[in-house]
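Welcome to this short tour. Open your viewer, get your selection tool ready, and follow along one stop at a time.

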Amino acid sequence: MGDQRTFASMAWSAKGKMTRRERFLAEMDAVIPWPRLQQLIEPHYPKAGHGRQPLGLEKMLRIYFLQQWFNLSDPQAGDAIYDSESMRRFARVELGDDVVPDETTILRFRHLLEKHNLTGAIFEAIGGLLEAKGLLLRAGTIVDATIIAAPSSTKNATATRDPR
């Protein structure tokens, strides 16, 4: 995250209440061995100078964790970074300064981890650490509601529309 913060980011800092999500993300941020995980991935991560400039490895790893913890697809992960200040802070993204990875970038990072069998090693390392600290982690979800226009049902005894 850059040194300059947006007005929204500063207002969020002064809000006073910490949500369950913020508390969870702060706890995970404190217990996850970011440097060790980055060392595991770094040999496989694209280097600058070979095509498009890669985004920061730690940022991509943090977004990957958000995907896993909140059951987010690649497009949903990108949207969540824009929508949620707590997720943006966890991922170390400041909208005024940083590039938010698009769904293709997120997909490529996930595929890189899968291709090199790094997902198992990552979660094995994390699981052991959390267990040692007496913590239990289960997947969660963020509901992505969609409104669909549909006529009301006429499948009742009188074959008429429900008045509600």
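Predicted model: local features only at pLDDT ≥ 70, side-chain atom pairs only at ≥ 80, totals over all residues.

**Stop one: the core.** Select Ile32, Ile41, Phe65, Phe109 and Ile122, the residues with the most contacts inside the largest nonpolar core, which has 35 residues. Now colour helices α2, α3, α4, α5, α6, α7 and α8: each supplies at least two residues of this core. Helix α4 (57–70) gives the most, with nine residues.

**Stop two: Phe109.** Which residues is Phe109 in contact with, leaving aside its neighbours within four places in sequence? Select Ile41, Tyr45, Leu57, Met60, Leu61 and Tyr64 to see them.

**Stop three: charged pairs.** Side chains of opposite charge can pair when their charged atoms come close. A search of the whole structure finds nine salt bridges.

Start with Asp74 and Arg110, whose closest N and O atoms are 2.7 Å apart. Asp74 sits in helix α5 and Arg110 in helix α7, so this pair ties together parts that are 36 residues apart in sequence. Are these two residues buried or exposed? Asp74 counts as buried, at 9% relative accessibility, and Arg110 is also buried, at 18%.

Next, pick Arg92 and Asp29, a salt bridge with its closest N and O atoms 3.3 Å apart. Arg92 is in the loop between α6 and α7, while Asp29 is in helix α2, 63 residues apart. Arg92 is partly exposed at 34%, and Asp29 is partly exposed at 24%.

Notes:
Residues numbered from 1 in each chain as written. Heavy atoms only, no water. Core = buried A, V, L, I, M, F, W, Y, C linked by side-chain atoms within 4.5 Å. Buried < 20%, exposed > 50% of the residue type's maximum accessible area, 1.4 Å probe, protein only. Helix = DSSP H or I, 4+ residues; strand = E, 2+ residues; numbered from the N terminus. Contact = heavy atoms within 4.5 Å. Salt bridge = Lys/Arg side-chain N within 4 Å of Asp/Glu carboxyl O.
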